[in-house]
Amino acid sequence: MYTRTSFLSILMVLALVFSSCKKDKKNDVIPNPTSADQKYSSVDNFYQKNGVKMQTYQVDATTGGSFTSPKGTMVTIPANCFVNAGNATVSGTVTIQFKDIYSKSDMLLSDVGTTFFDGSPMVSGGEFFINALQNDSALQIAAGLKIEIEQPFNGLQRDTAMEAMILDPNKDSLQGGANGGGWSISPGNNLLWNATGYIFNLYQFAGTNGAGTWCNSDNPYYFQAFANTTLTVNSIAGYDMDVFLVFKNVTSMVHAYSNGSNFPYNYAPVGQECTVVVLGVKDDKLYASFTPVTISSNQTITPVFTETTTDNFKTTLNSLN
């Protein structure tokens, strides 16, 4: 039989348990959207944090080897493929750095667009970066040999107008391609295809500085059927900002660069549908504007920024793929 004292003791124990449960539940909170991983010092810092990450693979230089990326790109390296700075064939383990990009959202998040070195837009069948290192020293591909990169169609139709493109680090960066250079047709490499994808035959890396090579299977002719106009996006004072055109129904995404006062894109194809995506950073916070347009003659757009989170920005961006 319970006494009054024992009954009060039971109530006190239950109260302590309930209080403890409430405290635990209170501590299980969603991370603040302005936490360190959501803060950005600049738009470049945004790309550094959210761009496609580098993958690394190991191959035996003497026997060669192959690997398939998580996105389905197959890379095949023949035996005795690499030479060092002295043009001597290397042996032992070689580190291959690699990343591949197929979607328009990944192109924007990595700031690697589909723009010809002259500024005109192209349609992409897939971009990739590749580098070969041994003991942190850059290697080159031996004369007469090639690295074969097979890029899946990803459900799209084969485009026979695709060309093997390479990012030329010596080209003008103004309205050019990725990371301050321009895409150009590469006469030293070629592009074939089979039933499942494009086959990019890479016979030489671009340059000798060991920084790696960006390659791209691109159609530079698609937009030539359309008249060009200038689409201008007005700047918003106080923000570090970048402007992109994400085209509808084709894999094409271009970066429109600032002229110091606004963002004109002089190769906008009249009549084409796209979304003008404006990315901004201010006081470590992320802002964005998404404006769907059908490009018309000498069009001007004034974006309206809305503060956003990284996840929300990516969700809206992914819907444009």
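Guide: Let's start in the middle: the largest nonpolar core here has 30 residues, and Phe82, Val94, Ile96, Ile130, Ile147 and Leu202 have the most contacts inside it. Two or more residues each come from β1 (55-60), β3 (74-77), β5, β6 (123-134), β9 (147-152), β10 (163-168) and β13 (197-202). Bear in mind that this is a predicted model.

Visitor: What is leucine 202 in contact with, leaving aside its neighbours within four places in sequence?

Guide: Leucine 202 is in contact with Ile130, Ile141, Leu145, Lys146, Ile147, Ile149, Ile166, Asn189 and Cys215. Another core lies apart from the largest one, with 28 residues, among them Tyr47, Trp183, Phe313 and Leu320.

Visitor: Why is lysine 99 called buried?

Guide: The cut-off for buried is under 20% relative accessible area. Lysine 99 has 15%, so it counts as buried. Lysine 99 is found in strand β5, residues 93-101.

Visitor: What is lysine 99 in contact with, beyond its neighbours within four places in sequence?

Guide: Its contacts are Val52, Lys53, Met54, Gln55, Glu127, Phe128, Phe129 and Trp214. A polar atom of the lysine 99 side chain lies 3.2 Å from the backbone oxygen of valine 52. As for serine 69, its C-alpha atom is 8.1 Å from that of lysine 99, though the two residues are 30 residues apart along the chain.

Visitor: How do you know that lysine 104 has no salt bridge?

Guide: A salt bridge needs the nitrogen and the carboxyl oxygen within 4 Å. For lysine 104, the nearest side chain of opposite charge is glutamate 273, and that is 11 Å away, so no salt bridge is counted, although lysine 104 is buried. Lysine 104 is placed in helix α3, residues 104-110. Not counting residues up to four places away in sequence, lysine 104 touches Val246, Phe247, Lys248, Asn249, Val250, Thr251, Ser252, Met253, Leu320 and Asn321.

Visitor: What makes aspartate 106 and lysine 71 a salt bridge?

Guide: Their closest N and O atoms are 3.0 Å apart, and the limit is 4 Å, so the pair qualifies. The pair links distant parts of the chain: aspartate 106 sits in helix α3 and lysine 71 in the loop between β2 (65-68) and β3, 35 residues apart. Lysine 71 has a relative accessible area of 31%.

Visitor: Why are glutamate 273 and lysine 248 called partly exposed?

Guide: Glutamate 273 has a relative accessible area of 37%, and lysine 248 has 45%. Being exposed takes over 50% and being buried takes under 20%, so both values fall in between.

Visitor: How much of the protein chain is buried?

Guide: Buried residues make up 48% of the 321 residues. The protein chain has 4 helices and 22 strands.

Notes:
Residues are numbered from 1 along each chain as its sequence is written. This is a predicted model: local features need pLDDT of at least 70, side-chain atom pairs count only at pLDDT 80 or more; totals for chains, interfaces and linings use all residues. Side-chain values use heavy atoms; hydrogens and water are left out. Buried means under 20% relative accessible area, exposed over 50%, partly exposed in between (1.4 Å probe, protein chains only). Contact means heavy atoms within 4.5 Å. A polar contact is a pair of N or O atoms within 3.5 Å; within protein, one must be able to donate a hydrogen and the other to accept it, and residues adjacent in sequence count only if both atoms are side-chain atoms. Lys and Arg count as positive and Asp and Glu as negative; His and the chain ends are not counted. A nonpolar core is a set of buried Ala, Val, Leu, Ile, Met, Phe, Trp, Tyr and Cys residues joined through side-chain atoms within 4.5 Å.
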